[in-house]
Amino acid sequence: MSARPGRFIDEVDNDLPGSHTEAVLASPSPEAVALHGRICSRLRDEADEADEADEADEADEADEADDTDETISTEP
C-alpha cells in the first residue's frame, strides 16, 4: 500500500509451495528469496517517495512562513 493516501500499489501472488513454518523460513528457496527482495524493494521505494514528499511539504511550509513574515509590518 502507498504511504498517503493508502492505496494498493502492487499485488504480489505467493505461489510458493508448502507451509510457512520456521523451518521453511530458516532455509528459504531461491524463489522465496526473490519474492522477499521484490517486496522489500517496493516498500523501500514507497518509503523513499513518502520521505521526499514530506521534505517538499516542509520546504513549501517554510517558504509560506517566510512570505507571511515579509508582509507583516512592524512600523507603528
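Q: How many helices and how many strands make up the secondary structure of the protein?
A: This is a predicted model, in which local features need pLDDT of at least 70, side-chain atom pairs count only at pLDDT 80 or more, and totals for chains, interfaces and linings use all residues. Residues are numbered from 1 along each chain as its sequence is written, and side-chain values use heavy atoms, with hydrogens and water left out. Helices (H or I, at least four residues) and strands (E, at least two) are DSSP runs, numbered from the N terminus. The secondary structure comes to two helices and zero strands.

Q: What percentage of the residues of the protein count as buried?
A: Buried means under 20% relative accessible area, exposed means over 50%, and partly exposed lies in between (1.4 Å probe, protein chains only). Of the 76 residues of the protein, the share that counts as buried is 5%.

Q: Which two side chains meet in a salt bridge?
A: A salt bridge is a side-chain nitrogen of Lys or Arg within 4 Å of a carboxyl oxygen of Asp or Glu. A search of the whole structure finds one salt bridge. Asp10 lies in the segment before helix 1 and Arg38 in helix 2, so the pair ties together parts that are 28 residues apart in sequence. At 3.3 Å, N to O, the side chains that meet are those of Asp10 and Arg38.

Q: Is Asp10 buried, partly exposed or exposed?
A: The relative accessible area of Asp10 is 36%. Asp10 is therefore partly exposed.

Q: Which residues does Arg42 touch, not counting residues up to four places away in sequence?
A: Arg42 lies in helix 2 and is partly exposed, with a relative accessible area of 29%. Arg42 and Ile9 are 33 residues apart in sequence, while their C-alpha atoms are 8.9 Å apart in space. With contact meaning heavy atoms within 4.5 Å, the residues that Arg42 touches are Ile9 and Asp10.

Q: Which residues make the nonpolar surface patch of about 230 Å²?
A: Patches are made of residues with over 30% relative accessible area and no salt bridge; like charges are joined within 9 Å, and nonpolar side chains (Val, Leu, Ile, Met, Phe, Trp, Tyr) within 5 Å. Accessible areas come from the Shrake-Rupley method with a 1.4 Å probe, and for residues only the protein chains shown count as cover. Val12, found in the segment before helix 1 (22-26), is partly exposed at 33%. The nonpolar patch is made by Val12, Ile39 and Leu43.
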